[in-house]
Amino acid sequence: MTPSYGGLALEIVVPVFNEEAVLESSITRLAEYLTHEMPSTWKITIADNASTDRTPVIAARLSEHMPNVEYRRLEIKGRGYALRDAWGASEAKVLAYLDVDLSTDLAALPPLVAPLLSGHSDISIGTRLGQSSRVSRGPKREFISRSYNLLLRRTMQVRFSDAQCGFKAIRADVAKRLLPHVEDNGWFFDTELLIIAERSGLRIHEIPVDWVDDPDSRVDIKQTALDDLRGMVRVAGSLVKGVIPVQAIYAELGRRPIVPESRPSFFGQVLRFGMVGAVSTLAFALLYLVLQGPFGAQEANFLSLLLTAVGNTAANRRFTFGISGPEKLFTQQFQGLMVFLLAWTITSSSLLVLHAVNSDAAPNLELLTLTAANIFATLLRFVLLRLWVFRVRQGEQAAIHGLRPAGEPVR
């Protein structure tokens, strides 16, 4: 992992706020591990953001007496502020950060930074949700974490599994390109950075970690969850509006496929559309059974329809019509919801029309009407998805598969 160019290879930032109880022991333990186990040049930066206890005194003493330990202070609170300040001033090739409680086993640090030092990947994250991860924490925090990451994957169409683990690293050139577009300076900072990175076609490397919950954690779970939801809505809006230049970043840093993918044939699209529809129907039934108890019938029906509609559009985009990459992702998701609502309106209003014409319609006639309406709605959804939502115009095929940035002329 030793870089051939010389200079500083790795800088690890430890954001702190009122951590006088654990700061000295954690930094000492981290420095000892790096001295014995990290073959590359390294530095630890204690990023203090507005601590009011003895943290500044302890951090300053550590930086004076320990080699390769630096202390930076900001008079403003927020993990995002601390990371932005320290990473922006760093001269290292790879930038990382760890939570001060060192909940993550440090044995995961070398495999975290190795793919970045080698140039293989752009960002590297630890995941507590991998099959081989070993995690010790209460059921409440486990449920909240898994629910948040599931919601993030389904609504933002990302593939990384754990956005909140305080164990991440990024190449310095990538950080320089992405940080100006990250607005959040609190706990959502990590998630926003990862969303932009994935939408820009960057390679995110995941490693399973061993993680032990800090019983003294002072994170306000409810407020953090609300802030995260607001952040997701804001980032989604920015991506739809084109405020974040993901295509420009993709053109500069994105990982292009070695072999271009081919769009399925018409017959293949019909077959795949049917398969996605069958899975969506099963998913709707399972979601409805789970949500009916806590929410009631009408709310459970709406939430189940909404979630399966989002998943259905994403699956048809990738599986049925062979489209990948960030180009028009959120526009197509919105259009897919419009198509779904149109189809749902057709089926739900069919009975209203029948009863308006014949108030004493027999059950078999109602079933026949619903069946005909569903067949028509399904055909309409396929046609609209193929000709409107996922239509590929001449010259756009390469951009959709990430072979060139959108807007660049075909040569």
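Reader: Is F267 buried or exposed?

Author: Buried means under 20% relative accessible area, exposed over 50%, and partly exposed in between (1.4 Å probe, protein chains only). F267 has 64% relative accessibility and therefore counts as exposed. The model is predicted: local features need pLDDT of at least 70, side-chain atom pairs count only at pLDDT 80 or more, and totals for chains, interfaces and linings use all residues. Residues are numbered from 1 along each chain as its sequence is written, and side-chain values use heavy atoms, leaving out hydrogens and water.

Reader: Where is F267 placed?

Author: F267 sits in helix α10; helices are DSSP runs (H or I, at least four residues), numbered from the N terminus. With L271, M275 and F319, F267 forms a nonpolar patch on the surface. Helix α10 (residues 266-295) gives the most to this patch, with 3 residues.

Reader: Why is helix α7 described as largely enclosed?

Author: In helix α7 (residues 189-199), 11 of the 11 residues are buried, so the rest of the structure largely encloses α7. Among them are F189, D190 and R199. G201, with a positive phi near 80°, follows α7.

Reader: What does the side chain of S133 reach?

Author: A polar contact is a pair of N or O atoms within 3.5 Å; within protein, one must be able to donate a hydrogen and the other to accept it, and residues adjacent in sequence count only if both atoms are side-chain atoms. The S133 side chain reaches the backbone oxygen of T127 at 2.8 Å. S133 is buried, at 14% relative accessible area.

Terms used: Patches are made of residues with over 30% relative accessible area and no salt bridge: like charges are joined within 9 Å, nonpolar side chains (Val, Leu, Ile, Met, Phe, Trp, Tyr) within 5 Å. Accessible areas come from the Shrake-Rupley method with a 1.4 Å probe; for residues, only the protein chains shown count as cover. A salt bridge is a side-chain nitrogen of Lys or Arg within 4 Å of a carboxyl oxygen of Asp or Glu. Helices (H or I, at least four residues) and strands (E, at least two) are DSSP runs, numbered from the N terminus.
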